[in-house]
Amino acid sequence: MSSTPTLPVIVLTDLDGTLLDHNDYSTSAARDALSFLQQHNIPLIFNTSKTQPEVTQLRRQLANTSPYVCENGGAIYYFDNEDAWHCELPGAGYTDILKVLNQLRKDGFNFRGFNDMTDTEVAAITGLSIDDAHHARQRAATEPLLWRDEEDKIPAFREALMAHGLRLLKGGRFYHVMGDADKASAVTFFKEFYQQHWGLDEAPLVISLGDGENDRAMLEASDYPVVIPGESGTLELTNPRAQTADFKGPKGWNHTLLPLLEKLLKENCGG
């Protein structure tokens, strides 16, 4: 499934507003960096709030064969040595999350989740097609929701979720309710996975790219975090190797990732 790369690096990336343009979901501005990754057999692991049907479709469009992570770390999809695919759910399951949210709505919290919406409503809010909106509603481990109440009630909502073992993450457009997992879970998982898969003495380096608050844990846990400027502000990290792209979306993704990969390749080859 995965050839040994030219250098021991894996790339984890957010999708919306990062590799995908915020408005039209295009990746065309990232073409050069995508070609470099493919040429050097470097895994490009989508680490996204999207669902498996959405990611499967995008992987097909981009000829991506790497493992992937859905629903903000709630579902990790990977292959074994026989190329059989497996799924790990480190957090809560979707049915359990909906039960808790139903109770909290009865307790007076005002929100609207994907499970409460039709495909048409999700399409209108996200700009997705009806088919893509349908895929976005096929969830396994998280529930995106729109907050319909005063912002100062968010802390109480967060505490109520925590009492049920759930977490609240703020993404680009939505809040995400999930179990005890986040995008950083994938950094740890795939460092170990690829060290074993490639037979390395040390874990591979991890480059990660993201633009939203739900990317923070992944970026902080990575060797080379790249912050893509977001639509509602730009993340500030404590990771000393963090760098911020000069442009939003796939243009910033390409403009920052490609020089970093070329630098690491040169260092790896002793140049």
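**The pockets and their linings**

Modeller: The largest pocket has a volume of about 570 Å³, where a pocket is an open set of points on a 1 Å grid over the protein atoms alone, at which a 1.4 Å probe fits and protein lies on both sides within 12 Å along at least five of seven lines, and a volume is the space filled by probe spheres set on the points, which are joined across faces, edges and corners. The model is predicted, so local features need pLDDT of at least 70 and side-chain atom pairs count only at pLDDT 80 or more, while totals for chains, interfaces and linings use all residues. Residues are numbered from 1 along each chain as its sequence is written, and side-chain values use heavy atoms, without hydrogens and water.

Around the largest pocket there are 31 lining residues, each with an atom within 4 Å of a point, and Asp16, Gly171, Gly172, Arg173 and Phe174 are those nearest its centre. This lining holds 7 nonpolar, 14 polar and 10 charged residues, with Ala, Val, Leu, Ile, Met, Phe, Trp, Tyr, Cys and Pro counted as nonpolar, Asp, Glu, Lys and Arg as charged, and the others, Gly among them, as polar.

The second largest pocket, with a volume of about 400 Å³, is lined by 21 residues, and Gln38, Ile42, Ala63, Thr65 and Ser66 lie nearest its centre. Two or more of its lining residues come from each of α1 (31-39) and β2 (44-47), and α1 gives the most, with 5 residues; helices (H or I, at least four residues) and strands (E, at least two) are DSSP runs, numbered from the N terminus. By class, this second lining has 12 nonpolar, 8 polar and 1 charged.
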